[in-house]
Amino acid sequence: MKNESFDPARYQRPHDGWQCGHHCDGRPCPIGPSSTGGCTVNQICAPVLQGDAWHCTRAKAFGGRCQEGPVPDPGAPTKFATCPHQPDSCQPQRSLRQKRGIVTGIVVAASLGICLVVVGGSSGRRDGVLDTSAIVSPGALTSHHASLEQGCATCHTAASQSAMQLLNCLVDHPGGDLADSRKCLECHREFGDHAMHAHSVPPKMMQQKSEDVANNLHTLQQQLTRLSETHQTTESGQLACASCHVEHHGVAFHLTALTNQQCQSCHSGSFHSFANGHPEFRERKRAFLYFDHSTHLQTHFKKASEALMQSQSLECRDCHVQSSDGSVMVLANYEKMCQECHHSQVMDDAMPMDLRIPGTEFVTFRSPKTRPAWMQIVLGSDVSESSEDLLFHELIDGGDAAVVERLKRAIPASDFDARKAASAAKRLEESGFFVALRSLVENARTDDEFAEDDLQASPSVTGAWSIHEDHSLRYRSSGHADPLIRDWLNFAVNAIRQYPEVPEADSAGAVDRLFQQLAAPEASGRCMKCHTVDRLPSGGFRINWETRQSASQPNGFTQFSHGPHVALLGSLEEASMMDAHPNRPTGTRCETCHAVQNQTVDFRKAEFLLDDWMPNPDYHHAEASGLTSVQRADCAKCHTPDLAGDSCLQCHNYHVHPEQVNER
């Protein structure tokens with residue numbers, strides 16, 4: 001009687017020498033490999049062209065002719081066609097029977113087996129090297145490396161010596177030798193000089209980043225993984241590429257796929273899953289811009305709306321839009337977000353500024369103690385009348401080159417940046433400063449005052465500089481991102497010595513005083529009301545002119561894309577399915593994760609400003625943006641194995657580019 005439950009497609013055929021490569025997946029093809037180990041799946045259907053139509057020739061044993069018919073090749077529709085029901089090709093595997101036969105043959109005739117390994121290559125010699133890949137190859141390469149199938153010596157150093165050494169390498173070093181990894185780096189050069197160190201970063205950086213982030217005991221599965229994952233490393237901590245990327249598993253094998261257990265096999269602290277034991281997210285460092293959402297929404301925007309008699313409410317998308325690839329939320333420009341309220345402040349030329357040069361100071365130079373910081377830097381210790389004439393000649397006739405030379409004399413060589421000094425001096429010339437200075441000098445009288453007929457009811461504007469009735473030159477900002485103010489701030493912040501401490505009263509503290517006058521909240525341009533200053537770990541200071549647009553670097557340790565999250569939270573139905581977080585309304589897109597904090601209005605946050613309202617260079621503070629921080633529990637609502645997934649590689653990169661990892 002025929003057994004109706006028998007499925008010949010799943011029969012293992014122990015008498016055959018080869019098995020279908022998809023057998024381990026539970027989906028072997030019905031035809032099976034050939035006697036020589038070749039995949040015969042193409043024999044199931046060989047489409048035939050009759051007239052101008054292709055016809056299916058699949059036998060009844062394999063399902064019979066299909067109704068759809070073969071699919072013509074778009075590149076050559078009259079020459080080639082494929083069957084839509086044909087299974088994927090595979091790399092056939094040897095059956096248990098054949099493997100036992102090979103082992104038995106080796107045991108019985110060891111000497112003969114060695115001779116066959118040495119001289120039994122299928123292709124003879126290739127480029128002077130014995131090709132034995134048909135015997136020792138464990139399987140096909142992935143699709144990315146398929147073009148490298150030109151002999152084992154392409155990737156294995158032992159293959160260039162002898163077949164015996166190649167076989168010995170495969171037996172003694174199945175994880176891959178470090179010398180082979182260097183061959184990998186001949187093509188993969190994007191990982192830098194430390195590609196074979198953990199996370200492709202210098203050991204010193206890794207030591208600084210490493211710490212026990214969890215005290216949980218390792219699970220049994222993790223302990224077994226640690227025993228099985230024996231990574232060969234050098235004394236300096238280098239490990240082979242094959243520790244994680246194992247080839248010869250077929251064309252469709254995912255070469256970069258890693259399990260969570262593999263990722264945690266090296267870390268001293270591990271956990272069960274993202275929802276169970278993953279460390280809480282670290283507080284993000286202070287933002288690059290001083291912008292408090294809570295204060296602006298509760299006070300500034302509210303007062304502005306009342307003054308304009310409007311009740312229009314602001315939305316997140318008024319200032320934040322998705323980038324072209326959807327990965328980050330990009331800030332709108334100054335003109336759209338800030339200009340309406342801050343334009344008059346930025347353009348105010350009556351605000352004190354160190355580059356505002358009193359005319360009496362230029363006509364007759366007073367004691368160095370009474371000079372502005374900019375004047376002390378330019379003049380140095382010169383106080384004589386001859387030095388006065390020399391300075392006029394140098395500044396008016398020498399222009400920006402004379403200013404650079406004066407700056408070079410006043411600034412110690414270790415703090416002097418010739419490029420920044422040249423740029424700052426060039427901005428003076430472009431703004432019309434030397435023309436305005438010549439006009440001021442030519443109109444000066446021997447009594448150091450202007451004659452009444454020289455004064456005008458309104459300032460005489462020369463470029464961006466004005467001669468005012470108080471015998472002074474004043475600079476009016478050209479608007480947001482004024483290049484003159486920006487470049488002089490960059491020059492000053494590069495040369496300051498003891499900020500934020502009180503600078504010295506003599507010429508040694510002139511640069512510090514210059515920076516403080518330019519960075520004061522009432523200074524022309526008011527740049528430092530929003531842009532922050534950082535004290536760099538390597539020493540020195542930096543002004544953050546640009547905003548940090550993303551929550552993580554694409555090539556850093558952590559990666560995050562806003563695109564799929566915004567799309568999900570944009571649906572009210574999907575958002576309402578999640579448990580509502582305290583103080584976070586559901587279905588409101590950005591506010592679902594970034595709710596505005598209801599806090600006391602504070603116009604001077606210590607995270608950004610010191611007691612004297614000068615910029616705080618210490619960035620080791622929380623984000624302080626007036627928004628609630630995203631917690632791990634918020635992400636764990638969706639990131640489970642059954643929903644959005646909780647793989648380590650969804651949020652973390654292994655290979656990191658050190659130069660793209662932010663300093664803070």
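Is Val108 buried or exposed? With a relative accessible area of 69%, Val108 is exposed, where exposed stands for over 50% relative accessible area, buried for under 20% and partly exposed for the range in between, computed with a 1.4 Å probe and protein chains only. The model described here is predicted, so that local features need pLDDT of at least 70 and side-chain atom pairs count only at pLDDT 80 or more, whereas totals for chains, interfaces and linings use all residues. Residues are numbered from 1 along each chain as its sequence is written, and side-chain values use heavy atoms, with hydrogens and water left out.

- Val108 belongs to helix H1, which spans residues 96-108; helices here are DSSP runs of H or I with at least four residues, numbered from the N terminus.
- Together with Val103 and Val107, Val108 forms a nonpolar patch on the surface, and the three have about 320 Å² of accessible area together.
- Such patches are made of residues with over 30% relative accessible area and no salt bridge, with nonpolar side chains (Val, Leu, Ile, Met, Phe, Trp, Tyr) joined within 5 Å and like charges within 9 Å, while accessible areas come from the Shrake-Rupley method with a 1.4 Å probe, for which only the protein chains shown count as cover for residues.

**Salt bridges around Asp487**

- A salt bridge is a side-chain nitrogen of Lys or Arg within 4 Å of a carboxyl oxygen of Asp or Glu, and by this rule the count comes to eleven salt bridges.
- Asp487 sits in helix H18, residues 483-495, and it counts as buried because its relative accessibility is 6%.
- The side chain of Asp487 meets that of Arg427 in a salt bridge with an N to O distance of 2.9 Å; this pair links distant parts of the chain, since Arg427 lies in helix H16 (residues 418-430) and Asp487 in helix H18, 60 residues apart.
- A salt bridge of 3.2 Å, N to O, also joins the side chains of Asp487 and Arg486.
- Both arginines are partly exposed, Arg427 with a relative accessible area of 23% and Arg486 at 27% relative accessibility.
- Arg427, Glu430, Arg486 and Asp487 are linked in a network of salt bridges.
- Leaving aside residues up to four places away in sequence, Asp487 touches Ser423, Ala424 and Arg427, where contact means heavy atoms within 4.5 Å.

**Pairs far apart in sequence**

- The side chains of Asp292 and Lys605 form a salt bridge of 3.3 Å, N to O. Asp292 lies in the loop between helix H8 (260-264) and helix H9 (293-307), and Lys605 in the loop between helix H21 (572-576) and helix H22 (632-636), so the pair ties together parts that are 313 residues apart in sequence.
- Both partners, Asp292 and Lys605, are buried.
- Cys263, which lies in helix H8, is 385 residues from Cys648 in sequence, yet their C-alpha atoms are 7.3 Å apart in space.
- Cys263 touches Leu258, Cys648 and Leu649, with residues up to four places away in sequence not counted.

- In helix H15 (residues 400-410), the buried residues are Ala402, Val403, Arg406 and Leu407. Seen down the axis of H15, these buried residues fall within an arc of 135°, so they line one face of the helix; the arc is that of the directions from the helix axis to the C-beta atoms.
- Ala401, Lys408 and Arg409 are exposed on the other side of H15.

Key. Helices (H or I, at least four residues) and strands (E, at least two) are DSSP runs, numbered from the N terminus.
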